[in-house]
Amino acid sequence: MDALMRHFRQGDWIFHEGDEGECAYIVEQGEVAIVLERSDGHITLATYGQGTLFGEMAIIDQKPRSAGAIALKDCALRAITRAQLNHRLERADPILKICIQVILKHLRKTLTQIHSPEPSKVSVAPTVTNQANVDVIQPTAQQEESAAQTLGQAIDHSQPMMASDVFSEAIKTLHLEQELQIALTQNQLRLYYQPIVRLSDGLIVGFEALMRWIHPVKGMISPAVFIPIAERSGQIVEMTYWALREASSQLKKFQDIQKSYWGDQYAPLFMSVNFSGRDFLDGRFLDEIQNALQNHQLPPKSLKLEITESMLMLSPDEVQRVLGICQSYGASVAIDDFGTGYSSLSYLQSMPADTLKIDQSFVRTIHKNDRHLALVESILHLAHRLGMLTVAEGVETAEDVVTLRNLGCDLAQGYHYARPMPTDQVLAWMEKQTEQFPKI
Ligand code: CMP
Ligand code: MG
């Protein structure tokens, strides 16, 4: 028996106005009328047929049923539980949540106006259609309009829509989103470059380009704040393209300097650029990658696309297809923050990726936590068996370096070597490398 399938006979009440709501319904069969129950009859607000949903309001705003529901025909209704709706609502965008609350509030206000017995607000003409043995009065267009008019005066500003901290957080996000748009056009975004070195001796092999937002008033805004906002709003796509263009042009300059110091002694420096799941679904993505490589005549392998495990999982097939094409252009692909997502190991063998970056949360604690040491060891082993290059993120001490070197990790990135730096500081740092690594 299907416990969530509810059957009602023609004329049965499904619920009454003012009842506590326990679930919403989808009409699988039959027809339902939504009615305002009044002493002089019922006002039909709507009828719902097969495939429609009703009874959601009381679940979402946790108030009594705004209207009654009655079966106009024999009905089979599928109950959508409070838990099922709440689960989704909790994950919804906070701005959308506020919009839903506002709409529900307006709608309830309108309903009370219609319901009001005060004749000056809405006078209900008894246009009765008699279905399912219910007196049903249809409000005329004029009545609906006068209800809508009273709404304007009747908005209640006294009650907050949601917990005020959630509300102010959401407003802050909206504001930041707008400021971010300005930042994009007014050059407030910068790229900092963090060197990535060979673990065996500390020689520079590449960089990761990291976005910074220097706000004219608020100063430096952390990427941990603005990247998630940009991902939600979709602005991330433009931002990534900007970073890709900027970083590839800068890479050419770094490679020229490398050549001037060491000739062809070492492989050309690479540049890691971070991508978000959304970028891969954008139609311009592959062109942008090709342009980045061609505009600066970069050896394709020197562009490394970084994508996190969790982003891989968003639409694995599409991401896999697009990454495969990037690799066919010769670009390198790195799985970023490895170990923090929830992806299964099978992605590792199916994803076209040649580099694996071990998340700093494991690296930072290898000396404090034996289990993390064991994990790092196993990840390195696995990656090498799959023929992947390994990078340890968050390398902060000489002790980390020794341990990771002994474990056979290839490359390292972290404060022990260098912080993410603006270009001029990178150049000074590179120059210092020539003392340790003179031209042969
Ligand atoms: P709920 O308040 O839980 O129970 C009554 C349902 O009727 C409500 O959710 C909505 O699904 C529906 N409802 C309320 N007002 C209207 C309206 N004006 N037009 C159509 N449907 C409505
Ligand atoms: Mg990264």
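**A briefing on the metal, the ligand and the pocket**

The magnesium ion (ligand 2) is held by E208 (OE), N274 (OD1), E306 (OE) and D336 (OD), at 2.1 to 2.3 Å. Donors here are N, O and S atoms within 2.8 Å of the metal (3.2 Å for Na, K and Ca), and water is not among the atoms, so sites may look incomplete. This is a predicted model, in which local features need pLDDT of at least 70, side-chain atom pairs count only at pLDDT 80 or more, and totals for chains, interfaces and linings use all residues. Residues are numbered from 1 along each chain as its sequence is written, chains are lettered from A and ligands numbered from 1 in the order in which they are written, and side-chain values use heavy atoms, with hydrogens and water left out.

**The magnesium site**

- Along the chain, the donors of the magnesium ion follow the spacing E-x65-N-x31-E-x29-D.
- Distant parts of the chain are linked by the pair E208 in strand β12 and E306 in strand β15, 98 residues apart; strands (E, at least two residues) and helices (H or I, at least four) are DSSP runs, numbered from the N terminus.

**Around ligand 1**

- Ligand 1 is surrounded by 15 residues, each with a heavy atom within 4 Å of it; Y48, G55, E56, R65 and S66 are the closest.
- This shell divides into 11 nonpolar, 2 polar and 2 charged residues; Ala, Val, Leu, Ile, Met, Phe, Trp, Tyr, Cys and Pro count as nonpolar, Asp, Glu, Lys and Arg as charged, and the others, Gly among them, as polar.
- β5 gives the largest share of the shell, 3 residues.
- A polar backbone atom of G55 is 2.7 Å from an oxygen atom of ligand 1, and a polar backbone atom of M57 is 3.2 Å from an oxygen atom of the ligand.
- S66 brings a polar side-chain atom to 2.7 Å from an oxygen atom of ligand 1.

**The largest pocket**

- E208, L210, P223, N274 and D336 lie nearest the centre of the largest pocket, which is lined by 37 residues.
- The lining divides into 16 nonpolar, 10 polar and 11 charged residues.
- A pocket is an open set of points on a 1 Å grid over the protein atoms alone, where a 1.4 Å probe fits, with protein on both sides within 12 Å along at least five of seven lines; lining residues have an atom within 4 Å of a point.

Notes
A polar contact is a pair of N or O atoms within 3.5 Å; within protein, one must be able to donate a hydrogen and the other to accept it, and residues adjacent in sequence count only if both atoms are side-chain atoms.
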